[in-house]
Amino acid sequence: QVQLVESGGGWVQAGGSLRLSCEASGRTFSTYTMAWFRQAPGKVREFVASIAWRSGFTDYADSVKGRFTISRDNAKNTMYLQMKSLKPEDTAAYYCAARPTVVAGSYAYWGQGTQVTVSS
């Protein structure tokens, strides 16, 4: 049973930084792609960033390029999202997700989410 557990959310002032973590368990993730999504109140869930576990290939939404960095620690089976220069519009619930790398498109596994609030 795949489990994804996010942590690290909180409140921060604009311009500040936060690091989110996603601890993964239940299988070997070397053939998986992991991602962060976010959903603000009244808005659809949107893609933030992804990383292919084996290759380390990363992808980012234009809105976070240059400010957010996705990474993973193989030994800890944990994915991170380092967020810098945070803006009020980054306020959202952030979700960790996983899918087999060879299966493009929808993510099969999701965490419960962690709230990030950025005040102006």
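1. The chain has zero helices and 11 strands, where strands are DSSP runs of E of at least two residues, helices are runs of H or I of at least four, and numbering starts at the N terminus. Read along the sequence, that gives β-β-β-β-β-β-β-β-β-β-β.

2. A quick word on provenance: this is a predicted model, with local features needing pLDDT of at least 70 and side-chain atom pairs counted only at pLDDT 80 or more, while totals for chains, interfaces and linings use all residues. Residues are numbered from 1 along each chain as its sequence is written, and side-chain values use heavy atoms, with hydrogens and water left out.

3. On overall dimensions, the C-alpha trace spans about 40 × 25 × 25 Å along its principal axes.

4. Of the 120 residues, 43% count as buried, meaning under 20% relative accessible area, with exposed being over 50% and partly exposed in between (1.4 Å probe, protein chains only). The chain exposes about 6300 Å², and carbon and sulfur atoms supply 49% of that (Shrake-Rupley, 1.4 Å probe; for residues, only the protein chains shown count as cover).

5. Now the interior. In soluble globular proteins, nonpolar side chains tend to be buried together. Here the largest nonpolar core has 30 residues, and Met 34, Trp 36, Met 79, Leu 81, Met 83 and Tyr 94 touch the most other members. Such a core is a set of buried Ala, Val, Leu, Ile, Met, Phe, Trp, Tyr and Cys residues joined through side-chain atoms within 4.5 Å. At least two of its residues come from each of E3, E4 (32-39), E5 (46-52), E7 (68-73), E8 (78-83), E9 (92-100) and E11 (114-119).

6. Ser 21 sits in strand E3 (residues 18-25) and counts as buried because its relative accessibility is 15%. With the neighbours within four places set aside, Ser 21 is in contact with Val 5, Glu 6, Ser 7, Trp 36, Thr 78, Met 79 and Tyr 80.

7. Buried or exposed: which label does Ser 119 get? At 17% relative accessibility, Ser 119 is buried. This residue of strand E11 has Trp 11, Val 12, Gln 13, Ala 14 and Pro 88 as contacts beyond four places in sequence.

8. Two loop residues are worth a look. Gly 8, between E1 (3-7) and E2 (10-13), is partly exposed at 34%. Beyond four places in sequence, Gly 8 contacts Leu 18, Arg 19, Leu 20 and Thr 114. Asp 62, between E6 (58-60) and E7, is exposed at 67%, and its C-alpha atom is 9.9 Å from that of Phe 47, 15 residues apart along the chain.

9. Lastly, contact range: among contacts between residues at least 6 apart in sequence, 54% join residues at least 24 apart.

Conventions. Contact = heavy atoms within 4.5 Å.
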